[in-house]
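Please examine the sequence and the structure shown below. The briefing that follows is grouped by topic.

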Amino acid sequence: MFWNLFTTTAFIVAGVLLYRFWPAVLAAVKRFDATNRARIEGEMHDRRDSLAHFRHTLHIAEEQVEEIGEIAVPDPRTATPVKHYLFEGERFATRREAERARAEKVRVLARKFYVELPAALAARKSDNKLGRD
């Protein structure tokens, strides 16, 4: 008797919760489906693009570099707040200069990856980890 009452109550609570949160669940599923479809389309496009590897390398390198921060510093002459841009502890007067420094850091990381790639592939080949037997 008690088990039937417990099961019925749990079923009703689950139904009410599903009814209450159905729009949020449906929206999350639709977002997931949209991002999944975009990822699949991107992969299909990358198979036809000969420069996709370079783009992915730059994207990975860009994720490893910190973002540009904005700070307000009082101007020494007028004491009014002036916006400066901070990248890796260095202050820049304009966002363009900071973006240039960040882009150079991304290029250095990507270049370093391609410099180290032959040695890494040679090490994998000697260990027979390339997936080809």
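The radius of gyration of the protein, taken over C-alpha atoms, is 27 Å, whereas a compact globule of 133 residues would have a value near 14 Å; the globule rule is 2.2 Å times the number of residues to the power 0.38. This is a predicted model, in which local features need pLDDT of at least 70 and side-chain atom pairs count only at pLDDT 80 or more, while totals for chains, interfaces and linings use all residues. Residues are numbered from 1 along each chain as its sequence is written, and side-chain values use heavy atoms, with hydrogens and water left out.

**Overall form**
- The C-alpha trace spans about 80 × 65 × 30 Å along its principal axes.
- The protein contains three helices and three strands, and their pattern along the sequence is α-α-β-β-β-α. Helices (H or I, at least four residues) and strands (E, at least two) are DSSP runs, numbered from the N terminus.
- Of the 133 residues, 11% are buried; buried means under 20% relative accessible area, exposed over 50%, and partly exposed in between (1.4 Å probe, protein chains only).
- Of the contacts (heavy atoms within 4.5 Å) between residues at least 6 apart in sequence, 32% join residues at least 24 apart.

**Strands and hairpins**
- Strands S1 (residues 69-74) and S2 (residues 81-87) pair in the antiparallel sense over six bridges; two strands pair if DSSP finds at least two bridges between them.
- Pro74 has Pro81 in S2 as its bridge partner.
- The hairpin of S1 and S2 has six residues between the strands, and Ala79 there takes a positive phi near 65 degrees.
- S2 also runs antiparallel to strand S3 (residues 90-92), joined by three bridges, and Phe87 stands opposite Glu90 in S3.
- Two residues lie between S2 and S3 in their hairpin, where Glu88 in the turn has a positive phi of about 50 degrees.

**Arg102 in helix H3**
- Arg102 belongs to helix H3 (residues 95-126).
- Arg102 counts as buried because its relative accessibility is 7%.
- Leaving aside residues up to four places away in sequence, Arg102 touches Glu62, Val65, Glu66, Glu67, Ile68 and Phe87.

**Leu17 and the surface**
- Leu17 is part of helix H1 (residues 2-48).
- Leu17 counts as partly exposed because its relative accessibility is 44%.
- The accessible surface of the protein comes to about 11500 Å², 62% of which belongs to carbon and sulfur atoms; accessible areas come from the Shrake-Rupley method with a 1.4 Å probe, and for residues only the protein chains shown count as cover.
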